[in-house]
Amino acid sequence: MKDLSMDVDALDAEAERILRMNDRGGYSVPTAGLYPYQWNWDSAFAAYGYAMFDLDRGWRELEVLMAGQWPDGMVPHIQFHKVDPSYFPGPDIWGGVGPVPSSGISQPAIAATMARLVYELDPHAGAERMRALYPKFIAWHRWFMDWRLDRDAVCLTHPWEAGRDNAPDWDGPLARIDPSGIAPYERRDTGHVDPSMRPKKADYDRYLWLVKQGHDCGWDQAHLREVNPFRMADPTMHFTLLRAHRDLMWLGEALGLDTSPLPDWIAQLEAGAETLWNARLGAYDCRDTVTGDWADAVSNAAFLCWYAGVDPKTTAQAYARVQSKVQFGVASHDPESPAFEPKRYWRGPTWAMMNMLIAMGLDDAGRPEGAELRASTARLIAGNGFAEYFDPLTGAPAGGKDFTWTAAIWLGWASPKARRGRWAA
Ligand code: DGY
C-alpha cells in the first residue's frame with residue numbers, strides 16, 4: 001500500500017488539472033472521447049469539485065446544467081452542446097424537446113445536494129445564485145414526483161436514467177424486450193474502452209429500443225407511463241431524490257424561500273421507501289413495477305439508505321458482508337452473486353462518487369464505516385489514478401481515464417487534504 005502522505009499534493013494538483021482539462025467553458029465533459037457532452041449527475045459532482053478551487057466555476061456548472069431544463073421541468077441526462085461524432089447515440093437519435101439538444105430521460109437528482117455543499121462553502125457568495133436556481137430545482141423535483149412514482153417509490157424508465165447502465169438489476173425486465181426493428185447502429189464506446197468493461201450488445205439493442213419508444217412519441221410522459229415495459233422502482237433514484245428534497249428544503253429555509261411542496265414530498269418518499277425493502281434479501285432492492293418481482297440483488301444503491309435518512313433496518317449487516325469480500329470501496333453488485341463481474345461497469349466495479357454518497361450517509365448516521373470508506377477510496381485513487389471506476393478486488397483502473405467525477409470526488413472528499421466543505425478538519 002502506498003504512503004499517501006508523500007503524494008497528496010501531487011494528487012490534488014492532478015485532480016485539478018483533470019477538471020480544468022475537461023472544462024468546455026461553463027460545462028464539463030466526464031472524459032474526452034468516451035463521453036464528450038454534459039452529463040447530468042457527472043456535472044453535479046463536477047460542480048462540487050470545481051468549487052474546491054474556483055467557486056464561481058462551481059456555480060456556473062450548475063447554472064449551465066439547469067439551463068437545459070425542459071418546459072415540463074425535466075433536466076435531461078445528456079446535453080449535446082456541440083455535436084461530437086465520437087459518441088453514439090447523438091441528438092438526432094434522441095430527439096429531445098428542450099432548449100438545448102438533449103437526451104429524453106433524466107438522471108439521479110444529485111444536483112440540489114451538490115448545490116448545498118457548494119453553497120455551504122460560502123453562503124454569502126452563493127446566495128443570489130442559489131436563489132436563481134431554486135425554482136428550477138423545485139420544478140425538476142416536481143417532475144419526478146409527477147412522472148416517476150410507483151407506490152411512492154421513484155422509478156427509472158431506461159437503464160441510463162439510474163446511471164447504473166448494465167446493473168444486473170435490469171437483466172430480468174430487459175430480457176422481456178424484443179429489440180427487433182431497431183435500425184442498424186455502430187457503437188462508439190467500445191472504440192474507446194475495452195469491450196469487457198462495457199455493456200454487451202444485447203443490452204445496447206434494448207437501450208436503443210427504449211430510446212426509440214420515447215423519440216417516436218415526442219417524450220410524452222403520459223403515453224410512456226402506459227406503454228413503457230421498463231419501469232423499475234429503484235433505490236438510486238429514490239434515495240437520491242429524497243436526500244435532494246431534504247437539501248433543497250434546507251436551502252429554501254436558509255434563503256427564506258417558499259418550501260411549501262417539500263415537506264409533503266419528503267413524507268411521501270419516506271413512506272415509499274418501505275416498498276423498496278426486500279425482507280428476504282435484508283436490503284433495499286429494485287422492484288419491477290410491471291411484474292412486481294424483486295431484482296433480488298444487493299447493489300451499492302442499497303447503501304444509500306443512510307444518505308436518504310431512512311430506517312436502515314438490517315442494511316448494516318448486508319454492508320458488512322459485502323465489504324468483507326472486497327479490498328476497495330463498495331462493489332456496485334454483490335461480490336457473492338453469480339452475476340458479479342469486477343471490471344464490467346455496473347456489474348461489480350466500485351465507483352468513487354457512489355462511495356462518497358454512501359459515506360455521507362454513514363457519517364450523518366454517526367457510523368464509523370464512513371471514515372473507513374473514505375480512506376479506502378483515497379487508497380484506491382492514489383494507487384490507481386483517476387479512472388472512471390475500479391475493480392473492487394484489486395483496485396485496477398477500468399473504463400475511461402482522467403475522469404471528471406473521480407477528480408472532483410478526490411478534491412472534495414477523498415483527499416486527506418480535502419480542506420474545505422463538510423469534511424474540513
Ligand atoms: C453511455 O453512453 O454509456 C452512458 O452511460 C449513457 O448515459
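Predicted model: local features only at pLDDT ≥ 70, side-chain atom pairs only at ≥ 80, totals over all residues.
View 1. The idea behind them is simple: side chains of opposite charge can pair when their charged atoms come close. Why do E63 and R60 sit about one helical turn apart? Because they are three residues apart in helix 3, which covers residues 55–67.

**View 2. Helix 6 packing with helix 12.** To describe two packed helices, you give the angle between their axes and the distance between the axes. Here, helix 6 (residues 123–147) and helix 12 (residues 235–255) pack at an angle of about 145°, and their axes are 10 Å apart. The crossing of helix 6 past helix 12 is left-handed.

**View 3. Who touches whom between helix 6 and helix 12.** On the helix 6 side, look for A127, M130, R131, Y134, F137, I138, H141, F144 and M145. Their partners in helix 12 are M237, L241, A244, H245, L248, L251, G252 and L255. What kinds of residues make up this contact, by class? Count them up and you get 13 nonpolar, three polar and one charged.

**View 4. The largest cavity.** The model has three cavities of 30 Å³ or more, and the largest of them holds about 190 Å³ of space. Its lining is made of 19 residues, and the ones closest to the centre are Y35, W39, Q107, D165 and Y345. Sorted by class, the lining of the largest cavity has 12 nonpolar, three polar and four charged residues.

**View 5. The second largest cavity.** Next comes a cavity with a volume of about 80 Å³. Around this second largest cavity you'll find G104, I105, R148, T157, H158, L210, V211, G214, W219, Q221, L224 and N228. Which elements give two or more residues to this lining? They are helix 10 (201–216) and helix 11 (221–227). Helix 10 gives the most, with three residues. As for class, this lining splits into five nonpolar, six polar and one charged.

Key:
Residues numbered from 1 in each chain as written. Heavy atoms only, no water. Axes fitted to C-alpha atoms, helices over the stretch in contact; angles between N-to-C directions. Helix = DSSP H or I, 4+ residues; strand = E, 2+ residues; numbered from the N terminus. Left-handed = near helix turned anticlockwise from the far one by under 90°. Contact = heavy atoms within 4.5 Å. Nonpolar A, V, L, I, M, F, W, Y, C, P; charged D, E, K, R; others polar. 1 Å grid on protein atoms, 1.4 Å probe; cavity = no way out; pocket = protein on both sides within 12 Å on 5 of 7 lines; lining within 4 Å. Points joined across faces, edges and corners; volume = space filled by probe spheres on them.
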